[in-house]
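Good morning, and thank you for making time for this presentation. Please look at the sequence and the structure as I bring them up.

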Amino acid sequence: MRLLVLYGKYPSLNSLELVEAAERRGHEVLSGSIIDVSSHISNRGSRFWLRDVEITDYDVCLLRSFGPGSCSQLTRRISLMEHMELTGIRVVNPCYPFRRARDKYATQYILAKAGLPIAETYITEDLGAAYRWAGRLGTCIYKPILGHMGRGSMMFEDPDMAYNALKSLTRIGEPLLLQEYLRKPGRDIRVFVVGDDVVGAAYKYGPPGSWKTNVAQGGRMVAGEIAEEILELGVRAVKALGLDYAGVDIAESERGPVILEVNGAPGWQALKQATGVDIAGKIIEYVEGLAS
Ligand SMILES: Nc1ncnc2c1ncn2[C@@H]1O[C@H](COP(=O)(O)OP(=O)(O)O)[C@@H](O)[C@H]1O
Ligand SMILES: [Mg+2]
């Protein structure tokens with residue numbers, strides 16, 4: 001199989017492991033930044049290049065990130081991936097589901113439509129309306145619509161504290177996404193799904209006193225027995241979003257399990273350490289099944 005691995009500006013350890021795992025299994029692999037991919041369209045067909053190497057005939061593209069950039073640059077890259085899909089390159093995760101999972105607003109309405117448990121969420125660009133909802137939600141969280149690694153999310157116990165922060169956010173053009181704060185033990189659960197299977201799962205403990213459990217925020221993953229019901233919820237979330245593989249974060253809230261996030265470009269270094277599972281190998285194995 002001819003396989004392309006596309007990352008953002010720089011390759012992460014996860015991207016490098018995908019390349020290694022695919023090479024180990026005898027595939028022809030090329031990797032690079034999505035920024036360096038260009039395309040040509042005519043009525044005779046479409047062609048694609050990574051830098052100056054033609055990649056038009058590649059079978060699969062493992063998409064890890066759209067990279068940093070302006071709204072126009074990101075529009076170009078999202079269309080580029082859709083264009084590749086239309087010409088027969090299998091993109092993993094598929095372009096639109098990948099985009100949707102990156103977007104914390106879209107994730108919520110897709111999960112809710114599938115009947116899966118989510119945290120109540122309000123989104124607006126109107127400061128006054130956000131202020132009123134902060135009062136209504138009680139303790140609430142602001143999340144950047146494209147946030148990751150727990151960065152930029154803030155908890156407010158008082159709507160007037162929220163007001164000051166939200167005012168600054170509107171000034172820099174950020175939509176205001178507010179979410180009910182879920183009381184939960186000092187941990188979440190990460191369920192890693194590839195295709196129809198859970199390939200690994202672990203508890204994610206936040207640092208003492210923190211409501212965030214992200215590894216990037218000092219959280220740590222610990223292997224442990226996880227209820228079948230939670231694992232199934234992970235698989236259903238990945239199916240609902242239309243992803244091939246994802247890391248699903250689930251909170252054990254007072255009203256039962258709630259899906260916090262479905263990460264379409266999940267890292268797995270901490271999970272691999274906690275469980276010993278070769279996640280990159282599992283993804284490549286899954287991709288082989290798609291191409292055959
Ligand atoms: N509604 C919520 N209530 C309580 N804790 C939350 C809530 N949403 C997120 N968290 C905590 O914050 C962390 C980061 O939130 P998440 O939505 O996963 O954003 P990110 O993409 O930045 O990881 C989660 O792993 C979880 O521990
Ligand atoms: Mg998260």
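I begin with Arg51, which is found in the loop between β4 (45–50) and β5 (53–54); helices (H or I, at least four residues) and strands (E, at least two) are DSSP runs, numbered from the N terminus. Although Arg51 is not a glycine, its phi is positive, at about 50 degrees. Arg51 counts as partly exposed because its relative accessibility is 48%; buried means under 20% relative accessible area, exposed over 50%, and partly exposed in between, with a 1.4 Å probe and protein chains only.

Two remarks on the source are in order: this is a predicted model, in which local features need pLDDT of at least 70 and side-chain atom pairs count only at pLDDT 80 or more, while totals for chains, interfaces and linings use all residues. Residues are numbered from 1 along each chain as its sequence is written, chains are lettered from A and ligands numbered from 1 in the order in which they are written, and side-chain values use heavy atoms, leaving out hydrogens and water.

Met149 also has a positive phi, near 60 degrees, and is a residue other than glycine. Met149 lies in the loop between β9 (140–143) and β10 (154–156), and with 32% relative accessibility it counts as partly exposed.

Next, the peptide bond between Val92 and Asn93 is cis, with omega about -10 degrees. Asn93 sits in the loop between β7 (90–92) and α3 (95–102). For context, most residues other than glycine have a negative phi, and most peptide bonds are trans.

Turning to Arg220, we find this residue in strand β14 (residues 220–222). Arg220 counts as exposed, because its relative accessibility is 52%. Leaving aside residues up to four places away in sequence, Arg220 touches Tyr203, Lys204 and Tyr205, where contact means heavy atoms within 4.5 Å.

What, then, of the whole chain? The protein chain has 9 helices and 16 strands. Its radius of gyration, taken over C-alpha atoms, is 20 Å, close to the 19 Å that the globule rule gives for 292 residues, so the chain is as compact as a globular protein of that length. That rule is 2.2 Å times the number of residues to the power 0.38. Of the 292 residues, 49% count as buried.

Finally, the domain assignment, automatic or from a database, gives domain 1 (2–92), domain 2 (121–180) and domain 3 (184–278). The centres of domain 1 and domain 2, taken over C-alpha atoms, are 35 Å apart.
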